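Please look over the sequence and the structure shown here before reading the points that follow.

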Amino acid sequence: MKYLIWANFKMYKNQSELKTYFDTFVQNYHCFTNIDLTIAPMTVCLSTASELTKNSCIHLGAQNMYYEDQWAYTGETSPVTLKELGCEYVIIGHSERRKLFAEEDSTINKKLQSAIKHGIRPILCVGESSEEKDLWLSKENITIQLRKALKGIDSNLVDIAYEPIWAIGTGQTPTPEEINEMHHHIRQTINNNESRIIYGGSVNDTNAESIITQAEVNGFLIGGASLDAQKFLTIINIVANQQK
Ligand code: PGA
């Protein structure tokens, strides 16, 4: 199984910053046969990113999409257009979308189905809040998120990102062993060997090695640390040196 590494740029890097980034990144990134590397810029920058990564082994990803192909949905992005732009992957159900944009499990389910229909591989994000963690409800909550989101879907066609909400952008992470245990739980719940289960939440160049060496971790979803091309390259090299 190839590792999956995602750079989630969120709402950072405008067109010119993206060009500067790729100038450094594309020159220094050597394709690794054990890694699928995906960069997800802001939706409005996808066209520029597509141009900048042309002829490279870098995959293009989207941070979100709508589930309909077209209609009167002001402000939404069609999966058809993402496909046209060369997007091979899309993140669905990131906790920021669930919390700040009121995205529900039923919507996430429709988005997953639509992405699969259009040949875009979705990465479903799941994770517990700090309150759920304190109440020892993490596993239960993640089981519910997975069941609802994947209802009627062949889970082989979806990768999963485990992102504890309290770890995103905070500098805090579960211990590597806790991450491994949760990934094991997710693997048992989805009951397939095809999906990659990747970890996200304050991954950086100092903690990456201790996490990726865990048996059940198949890659990373990286926000903040992916914005610095050099730091991101360091993390990629750490993953490239692993053999599982
Ligand atoms: P972070 O973000 O790496 O900045 O914690 C992860 C994410 O939200 O995708």
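Predicted model: local features only at pLDDT ≥ 70, side-chain atom pairs only at ≥ 80, totals over all residues.

A residue is called buried when its relative accessible area is under 20%, and exposed when that value is over 50%. By this rule Phe-25 is buried, because its relative accessible area is 0%.

- Strand E3, which covers residues 59–62, pairs in the parallel sense with strand E4, which covers residues 87–92, and three bridges link the two; Ala-62 stands opposite Val-90 in E4.

**Aromatic rings and charges**

- There are nine aromatic pairs in the structure, and one of them is the stacked pair of Tyr-21 and Phe-25, with 5.6 Å from centre to centre and 15° between the planes.
- Tyr-21 and Phe-25 are four residues apart in helix H1 (residues 15–28), so about one helical turn separates them.
- Phe-25 also pairs with Tyr-29, and because planes under 30 degrees apart count as stacked, the angle of 15° between these two rings, whose centres are 5.6 Å apart, makes this pair stacked.
- Tyr-21 is buried at a relative accessible area of 4%, while Phe-25 and Tyr-29 are both buried as well.
- One aromatic cluster is formed by Phe-9, Tyr-21, Phe-22, Phe-25, Tyr-29, Phe-32 and Phe-232.
- Elsewhere, the charged end of Arg-97 sits over the ring of Phe-101, at 4.4 Å from the ring's centre, and Lys-133 lies over the face of Trp-166, at 4.6 Å from the ring centre.

**Two buried positions**

- Ser-129 is found in the loop between strand E5 (121–126) and helix H6 (130–134), and Ser-129 counts as buried because its relative accessibility is 15%.
- The side chains of Ser-129 and Glu-131 are joined by a polar contact of 3.3 Å, and, once neighbours within four places in sequence are left aside, Ser-129 is in contact with Ile-165 and Trp-166.
- Ile-197 belongs to strand E7 (residues 197–200), and Ile-197 counts as buried because its relative accessibility is 0%.
- Between Ile-197 and Met-182 there are 15 residues of separation in sequence and 9.9 Å in space, taken from C-alpha to C-alpha.
- Beyond its neighbours within four places in sequence, Ile-197 is in contact with several residues, including Ile-160, His-183, Ile-186, Val-217 and Gly-219.

**Two exposed loop residues with positive phi**

- Asn-55 lies in the loop between helix H2 (46–52) and E3, and its phi is near 65°, which is a positive value in a residue other than glycine.
- Asn-55 counts as exposed because its relative accessible area is 79%.
- Trp-136 lies in the loop between H6 and helix H7 (138–149), and the phi of Trp-136 is near 60°, again a positive value in a residue other than glycine.
- Trp-136 counts as exposed because its relative accessibility is 79%.

Definitions and conventions:
Residues numbered from 1 in each chain as written. Heavy atoms only, no water. Phe/Tyr/Trp six-rings, centres within 6.5 Å; stacked < 30°, edge-to-face > 60°. Buried < 20%, exposed > 50% of the residue type's maximum accessible area, 1.4 Å probe, protein only. Lys NZ or Arg CZ within 6 Å of the ring centre and 35° of its normal. Pairing = 2+ DSSP bridges. Polar contact = N/O pair within 3.5 Å; in protein donor to acceptor, adjacent residues only side chain to side chain. Contact = heavy atoms within 4.5 Å.
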